[in-house]
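Colleague: Could we go through this model together before I set up my calculations?

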Amino acid sequence: MTLDAALIPNLPGALCQETDPELFFSESGGPIHPAVQVCHRCPVEHACLLWALEKRERFGIWGGMWAHHRTRLLTRLDREGITPADWQRTEAEAEVRAATSLAAARAARRAQQEELWAREAAEQLAAEQEAARAAERAAEQEQRATIIRETVTAFWDAANA
Ligand code: SF4
């Protein structure tokens, strides 16, 4: 079953055209969440919501917003003298700003993490190099001690011969 064509904003790609219309009308007493989920996946969600706001559609869920929510929003917009189109543009700009600052925050966190990893790797390399130098020094000292021991032994043997 498809929605009544007269009620559909005739937007190409509208997902509700392939969905049970009962889902989009809370008047039937069903839960609104499944319809809102469909709208959030719909490629024409923003255009659909603008259509419903401008048409002052009093029933059903359009563009992911149910009638009660739209009425409250329109009351506020009327009071503030803002058109639905201007409201939607401002919302979209705010979303872009939020997404941009979120992306920047993520990039900064990633850069911090990479810097930390680089510092840890450098510290580990330095520790390994220091350990290698210490092992080299210990081997040299051992070699020197062996030479001294052998020299003393040879000297002692010569003295007692
Ligand atoms: S946003 Fe929702 S109501 Fe609007 S066209 Fe898409 S699925 Fe249908």
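This is a predicted model: local features need pLDDT of at least 70, side-chain atom pairs count only at pLDDT 80 or more; totals for chains, interfaces and linings use all residues.

Colleague: How many residues surround the ligand, and which are the closest?

Modeller: The ligand is surrounded by 14 residues, and A14, C16, C39, C42 and C48 are the closest of them.

Colleague: Turning to packing, at what angle do α2 and α4 pack?

Modeller: Helix α2 (residues 45-55) packs against helix α4 (residues 84-160) at about 150°, and their axes are 9 Å apart. The two helices are therefore roughly antiparallel to each other.

Colleague: Is the crossing left-handed or right-handed?

Modeller: The crossing of α2 past α4 is right-handed. On the α2 side, H46, L50, L53 and E54 make the contact, while α4 contributes P84, A85 and Q88. By class, this contact has four nonpolar, two polar and one charged residues.

Colleague: Where do the domain bounds fall?

Modeller: Domain 1 spans 1-82 and domain 2 spans 85-149. Four residues from domain 1 and four residues from domain 2 form the contact between them.

Colleague: What classes are found on the domain 1 side?

Modeller: Where domain 1 touches domain 2, its side has three nonpolar residues, one polar residue and no charged residues.

Conventions: Residues are numbered from 1 along each chain as its sequence is written. Axes are lines fitted to C-alpha atoms, for helices over the stretch in contact, and angles run from 0 to 180 degrees between N-to-C directions. Helices (H or I, at least four residues) and strands (E, at least two) are DSSP runs, numbered from the N terminus. Angles under 35 degrees count as roughly parallel, over 145 as roughly antiparallel, 65 to 115 as roughly perpendicular and the rest as oblique. A crossing is left-handed if the near helix is turned anticlockwise from the far one by less than a right angle, and right-handed if clockwise. Two residues are in contact if their C-beta atoms, placed from the backbone, lie within 7 Å. Ala, Val, Leu, Ile, Met, Phe, Trp, Tyr, Cys and Pro count as nonpolar, Asp, Glu, Lys and Arg as charged, and the others, Gly among them, as polar. A residue is near a molecule or strand if its C-beta atom, placed from the backbone, lies within 6 Å of it. Domain bounds come from an automatic or database domain assignment.
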